[in-house]
Amino acid sequence: MPDPAPRPPRDPAGLPPEAVWLGLDLGTQSARCVAVDSAGTVLAAASRPLTSRRDGVRHEQDPEEWWTALTAACREATAALDDPARVRGLALDATSGTLLLADGRGVPLTPGLMYDDGRAADQAARANAVGGAVWGALGYRSMQASWALPKLLWLLEHAESAADPDVRLLHQPDLVTWRLAGRQVATDASHALKTGYHLVDERWPAEEFAALGVPARLLPDVVRPGSVLGTVCAAAAETTGIPEGTAIVAGMTDGCAAQIGAGALTPGAWNAVLGTTLVLKGSSPHLVRDPGGVVYCHRGPGGTWLPGGASSSGAGVLAREFPGADLARLTAAGAALDGDAVAYPLVSSGGERFPFRAADATPFVLGTPRGEAGRFHAYLLGVACVERLCLDYLDRIGAPVDGPLTFTGGGARNAYWNQLRADVLGRPARVPEQAEGAVGMAVLAATSSGVPVRDAAAAMVRTGAEVRPDPARTARWTPVYLGFVDALAARGWLAPEVAAHARARAHRPPQSMAGRAATDTEHSRARGTAQ
């Protein structure tokens with residue numbers, strides 16, 4: 001059951017105790033700014049809404065709105081501080097794969113093509129035909145239509161402004177950092193990943209880009225996350241309320257930002273974000289290559305690698321299956337029934353992405369749920385089974401998985417669901433008090449003081465309550481989980497070797513968390529070296 005975490009005095013780990021760090025977040029629906037001190041206290045926060053234009057597979061936003069919304073949020077948050085001069089640094093996260101074209105002054109020439117814009121299917125096929133060997137070497141099998149490089153190719157073919165000799169490619173945060181600094185600054189390797197940046201060699205793949213018709217003059221310089229890009233200029237200070245001279249730190253994508261906000265940075269640590277879909281992000285000392293193409297790695301601060309995958313299953317299924325229902329009532333009723341029926345909680349109509357790729361995957365239910373509450377519980381249990389299969393899959397491809405686990409996202413507000421997930425996984429998890437991306441960016445901003453990101457996170461992330469598994473219930477749920485795995489394999493969606501690995505892992509003798517982490521890290525290193 002949840003164990004209230006004590007709150008010992010915070011050790012600022014060398015961070016200036018008087019300093020305040022800003023975390024900026026550009027999401028799909030809002031722009032947000034939080035101000036966090038060196039002990040992890042959120043001193044102020046503000047947000048402004050963003051609007052989207054959707055038309056079929058197309059999804060666009062006005063880049064100018066990113067700037068106006070974020071500057072308004074920054075003005076409100078900094079005005080709430082007792083002394084805005086305490087602000088020492090900022091970092092910004094944004095959606096992964098969102099980009100635009102701009103002129104030499106940083107003025108947008110196109111709309112922002114958003115992270116899930118799917119118009120570039122033909123261009124994705126061309127990018128994979130030309131650069132498939134590079135993408136494979138970087139640990140992902142192929143690019144998807146929603147990734148930034150295919151969308152860049154689409155813009156080069158369809159946008160009249162692409163012929164401008166001074167045109168620039170900008171990722172979503174690049175527009176903001178340009179205006180904060182008063183000049184174009186480098187992009188970060190995290191946002192550049194889906195544009196094809198070579199994370200191992202740390203360069204743009206020039207030969208492949210030339211074959212695809214991508215001019216080198218379009219491409220920004222790239223630095224690792226956590227690098228200082230510049231400082232806030234006088235004009236931006238007047239507009240945003242952020243003091244002139246504040247360090248601008250290269251950020252990361254929103255998923256990585258949430259991982260930092262959860263403090264999941266030690267080798268083998270994982271953050272499970274349960275929102276509309278389930279996303280797992282972890283930390284590894286080496287690049288994790290996935291022959292199946294469902295997991296890819298970001299390069300994290302401090303030389304680490306951040307493998308992860310995004311499922312098409314998750315809590316969004318509850319809104320679809322139980323529209324307008326009282327979810328708290330259904331949770332209590334489902335917990336009282338405690339049934340063994342399990343539902344595959346697929347949200348997307350386009351099939352599954354992780355822990356396997358199957359465009360033809362469809363929902364199903366195993367067993368006979370008892371009424372509406374039983375059906376509700378079956379979906380809660382199904383998400384937990386998908387989560388366990390994700391970790392089994394990650395273990396199979398060489399990712400260290402048995403370090404600390406955190407639960408974040410909207411689903412983590414359901415205490416019974418957290419306990420059910422811990423029981424199905426057979427491992428403890430913590431629910432951080434603050435794990436949003438903006439807080440993660442405040443942690444990353446604090447590294448501009450010279451403190452490593454793990455130390456900054458240790459000082460600033462409040463780990464929250466621990467959820468401990470009940471061994472008897474883990475033993476009960478394991479056969480249900482393995483039946484779920486067998487059902488996925490029988491339908492041809494899950495590879496037999498992955499199902500076999502899940503079964504073998506379920507029958508491993510129990511070890512301590514530390515012992516499992518050490519053993520799995522050694523196994524992971526061996527597998528990673530062999531890949």
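Helices (H or I, at least four residues) are DSSP runs, numbered from the N terminus. In this predicted model, local features need pLDDT of at least 70, side-chain atom pairs count only at pLDDT 80 or more, and totals for chains, interfaces and linings use all residues. Residues are numbered from 1 along each chain as its sequence is written, and side-chain values use heavy atoms, with hydrogens and water left out.

Helix 2 (residues 121–137) packs with helix 3 (residues 148–158) at an angle of about 135 degrees, and their axes lie 9 Å apart; the axes are lines fitted to C-alpha atoms over the stretch in contact, with angles running from 0 to 180 degrees between N-to-C directions. Helix 2 and helix 3 are therefore oblique to each other, a word for angles that are not under 35 degrees (roughly parallel), over 145 (roughly antiparallel) or 65 to 115 (roughly perpendicular). On the helix 2 side, the contact (heavy atoms within 4.5 Å) is made by Q123, A124, R126, A127 and W135. Helix 3 contributes L149, P150, L153, W154, E157 and H158. These contact residues divide into seven nonpolar, two polar and two charged.

The cysteines come next. With a disulfide taken as a pair of cysteine sulfur atoms within 2.5 Å, the count comes to zero. For C297, the nearest cysteine sulfur belongs to C256 and is 9.8 Å away. For C390, the nearest is that of C385, 11 Å away. C390 counts as buried (under 20% relative accessible area, with a 1.4 Å probe and protein chains only) because its relative accessibility is 0%.

How values were computed: Buried means under 20% relative accessible area, exposed over 50%, partly exposed in between (1.4 Å probe, protein chains only). Helices (H or I, at least four residues) and strands (E, at least two) are DSSP runs, numbered from the N terminus. Ala, Val, Leu, Ile, Met, Phe, Trp, Tyr, Cys and Pro count as nonpolar, Asp, Glu, Lys and Arg as charged, and the others, Gly among them, as polar.
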